[in-house]
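Please work through each task before reading its solution.

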Amino acid sequence: MTGTNHEPGMKEYIAIWVGLLCIVGIETFLTTLHLSTHKLLLALLLLAFAEAGIALLYFMHLKYEKPKLFWTLVPAVIFVLFMMNHIWPDAYRMLNMRVPIQ
Amino acid sequence: MSESEMTLGAGHAAALEPSPYGIQSKKLTMWLFIISDAVTFGAILFGYSYLRAGTPDWPTPFQFSPSVVNGLIMTFVLLTSSLTMLAAVSAAKQGRKSACLQWLAATIVLGIIFATLHLREWFHLFADGWSLSKNPLGGPVQFGATFFSITGLHLMHVISGVIALIVIAIGYNTEWLDSGHVEATGLYWHFVDLVWMFVFPLLYLMNVAR
């Protein structure tokens, strides 16, 4: 978040695009490793967040906007998602909705 | 100075006040829409993840070929459409109208290809007996409900994006809209791509038969 208008050119964008495709390749490779459901979910989520961060900063230019735009938007989304999915009671409702094993 | 004159003066002052974020209001509005949409997708993807991780006999209907291969092609198409959208925004900012329109057209075509591949995937699943409330493999029925609702919401965003891009391309060509509109629509398109970065691993890769 430099706050300057120096945006990357198409060469940099293509390099980022290749990087994102590589992350998708890693995700697909992990699927073939027969990891446990929880480990696979954690690994895929971490890689997806890395991809999303790159897209947000470079493709959506958030890195090149004024820093206060980033600090207004991103913490608000993280706070709401965290509260909604880990603190408020509704977060755990889905766990109780699962079908019991016969 | 009368009260009405003071109000008018304040109005002009407000209009001349610089944007606190240094961006056009249309771009800020798009950012606000994007964060509200991110919370919507975040909530349903978290809900799905709880359900997926908490259900030991969750069905895994996808084979590497054709389902994951199809998903990989869809990912490649959508990521490439983000690249063409960046080229369109860059051309619009430089005032290269013809180049901008060509890149917008490429983005629209890639969006249509993505939607077509997605619908083809859906129809294969329907043919195999899957629906919102049916599981032909036996066991939990929530797979169909979560898969079709989450991918359906994303597909709706892609189709809306394609329509928006067509409107923007026509408006930009007729000079009814400017490069700021192209940039704001580009933000939306990249967001649709960003959401797919979560949908593909969580809904496709997590459900590959092992």
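## Exercise 1. The surroundings of one leucine

Leaving aside neighbours within four places in sequence, Leu202(B) is in contact with Leu44(A), Leu45(B), Tyr48(B) and Ser49(B). The model is a predicted one.

Task: determine which helices of the two chains meet at Leu202(B) and Leu44(A), and how their axes are arranged.

Solution. 
1. Leu44(A) belongs to α2(A) and Leu202(B) to α6(B).
2. Two packed helices are described by the angle between their axes and the distance between the axes.
3. For α2(A) and α6(B), the axes are 9 Å apart and the packing angle is about 170°.
4. Angles over 145 degrees count as roughly antiparallel, and α2(A) and α6(B) are therefore roughly antiparallel to each other.
5. On the α2(A) side the contact comprises Leu44(A), Ala48(A), Glu51(A), Ala52(A), Ala55(A), Leu56(A) and Phe59(A). On the α6(B) side it comprises His190(B), Asp193(B), Leu194(B), Met197(B), Phe198(B), Pro201(B) and Leu202(B).
6. Sorted by class, this contact has 11 nonpolar, one polar and two charged residues.

## Exercise 2. The interface seen from chain A

Task: describe the fold of chain A, then state which of its elements touch chain B.

Solution. 
1. Chain A has four helices and zero strands, in the order α-α-α-α from the N terminus.
2. Of its 102 residues, 21% count as buried.
3. Among the contacts in chain A with a separation of 6 or more, 62% join residues 24 or more positions apart.
4. The contact between the chains takes 40 residues from chain A and 42 residues from chain B.
5. On the chain A side, two or more residues come from each of α1 (10–31), α2 (37–59), α3 (67–87) and α4 (93–97).
6. The element that gives the most is α2(A), with 11 residues.
7. The chain A side consists of 28 nonpolar, six polar and six charged residues.

## Exercise 3. Two helices within chain B

Task: characterise the packing of α2(B) against α5(B).

Solution. 
1. The axes of α2(B), residues 25–54, and α5(B), residues 142–173, come within 11 Å and cross at roughly 160°.
2. That crossing angle makes the two helices, α2(B) and α5(B), roughly antiparallel.
3. The crossing of α2(B) past α5(B) is left-handed.
4. Ile44(B), Leu45(B), Tyr48(B) and Leu51(B) of α2(B) make the contact with Gln142(B), Thr146(B) and Ile150(B) of α5(B).
5. This contact has five nonpolar, two polar and no charged residues.

Conventions: Residues numbered from 1 in each chain as written. Chains lettered and ligands numbered in written order. Predicted model: local features only at pLDDT ≥ 70, side-chain atom pairs only at ≥ 80, totals over all residues. Contact = placed C-beta atoms within 7 Å. Nonpolar A, V, L, I, M, F, W, Y, C, P; charged D, E, K, R; others polar. Axes fitted to C-alpha atoms, helices over the stretch in contact; angles between N-to-C directions. Parallel < 35°, antiparallel > 145°, perpendicular 65-115°, else oblique. Left-handed = near helix turned anticlockwise from the far one by under 90°. Buried ≥ 20, exposed ≤ 12 C-beta atoms within 10 Å, placed from the backbone.
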